[in-house]
Amino acid sequence: MKSWRVNWTLNELFSADNYAKHKEVLKSSSLFWLALVVKFFPKVWKKPILLRLKEGGAFYVKEFMTLYIYKEIFVDKCYDYPALSIKNPLIRAW
């Protein structure tokens, strides 16, 4: 039986719409794809990866789950969040 992480990761990688969505939200969507691959395997890449949002704000990806939460909030827009127009906001996901 496949885990949700495998299913979710494969869906992210093989859905053409996802590439455009992440590119629309992030200043550097390539860092999302890097984080997706290296954070999929726990303890392989211990350093956090900083993702910056185009509308302002940034967050560190320390663990795989952060990517899932980021997508729910900023790409899929499942939740409302305050405007990120304050100077140098930092979103902490731990």
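What share of the contacts in the protein chain with a separation of 6 or more comes from residues 24 or more positions apart? I looked this up before anything else. The share is 51%, where contact means heavy atoms within 4.5 Å.

**Entry: the model**

I note that this is a predicted model, in which local features need pLDDT of at least 70 and side-chain atom pairs count only at pLDDT 80 or more, while totals for chains, interfaces and linings use all residues. Residues are numbered from 1 along each chain as its sequence is written, and side-chain values use heavy atoms, with hydrogens and water left out.

**Entry: the elements**

I went through the secondary structure of the protein chain and found 4 helices and 2 strands. Helices (H or I, at least four residues) and strands (E, at least two) are DSSP runs, numbered from the N terminus. From the N terminus on, the order is α-α-α-β-β-α. I then looked up burial: 35% of the 94 residues of the protein chain count as buried. Buried means under 20% relative accessible area, exposed means over 50%, and partly exposed lies in between (1.4 Å probe, protein chains only).

**Entry: H1 with H2**

I took the helix pairs next. The axes of H1 and H2 are 5 Å apart, and the two helices pack at an angle of about 80°. H1 is therefore roughly perpendicular to H2. Axes here are lines fitted to C-alpha atoms, for helices over the stretch in contact, and angles run from 0 to 180 degrees between N-to-C directions. Angles under 35 degrees count as roughly parallel, over 145 as roughly antiparallel, 65 to 115 as roughly perpendicular and the rest as oblique. From H1, Asn11, Glu12, Leu13 and Phe14 make the contact, and from H2, Ala16, Asn18, Tyr19 and His22. I sorted the residues of this contact into 4 nonpolar, 3 polar and 1 charged. For that sorting, Ala, Val, Leu, Ile, Met, Phe, Trp, Tyr, Cys and Pro count as nonpolar, Asp, Glu, Lys and Arg as charged, and the others, Gly among them, as polar.

**Entry: H2 with H3**

Helix H2 (residues 16–25) packs on helix H3 (residues 29–40) at an angle of about 120°, and their axes are 8 Å apart. H2 and H3 are therefore oblique to each other. On the H2 side I listed Asn18, Tyr19, His22 and Lys23, which meet Ser29, Phe32 and Trp33 in H3. The contact of H2 with H3 has 3 nonpolar, 3 polar and 1 charged among its residues.

I looked at Ser29 separately. Ser29 is in helix H3 and is buried, with a relative accessible area of 16%. Leaving aside neighbours within four places in sequence, Ser29 is in contact with His22 and Lys23.

**Entry: H3 by itself**

I checked the length of H3. At 1.5 Å a residue, its 12 residues should span 16 Å, and its end C-alpha atoms are 17 Å apart, which agrees. The expected span is 1.5 Å times one less than the number of residues. The buried residues in H3 are Ser29, Phe32, Trp33, Ala35, Leu36, Val38, Lys39 and Phe40. They pack against H1, H2, E1, strand E2 (58–61) and H4.

**Entry: H1 with H4**

Helix H1 (residues 4–14) and helix H4 (residues 64–75) cross at roughly 55°, and their axes come within 12 Å. That makes H1 oblique to H4. From H1 the contact takes Trp4, Arg5, Trp8, Thr9 and Glu12, and from H4 it takes Phe64, Met65, Leu67, Tyr68 and Lys71. I counted 6 nonpolar, 1 polar and 3 charged among the residues of the contact of H1 with H4.

**Entry: Leu50**

I moved on to the strands. Leu50 is in strand E1 (residues 49–52) and counts as partly exposed, at 24% relative accessibility. Not counting residues up to four places away in sequence, Leu50 touches Leu31, Ala58, Phe59 and Tyr60. Leu50 and Tyr60 are 10 residues apart in sequence, and their C-alpha atoms are 4.4 Å apart in space.

**Entry: two positive phi values**

Where is Lys43? I found Lys43 in the loop between H3 and E1. Its phi is near 70°, a positive value in a residue other than glycine. Lys43 is exposed, with a relative accessible area of 73%.

Lys77 is in the segment after H4. Phi of Lys77 is near 55°, again a positive value in a residue other than glycine. At 51% relative accessibility, Lys77 counts as exposed.
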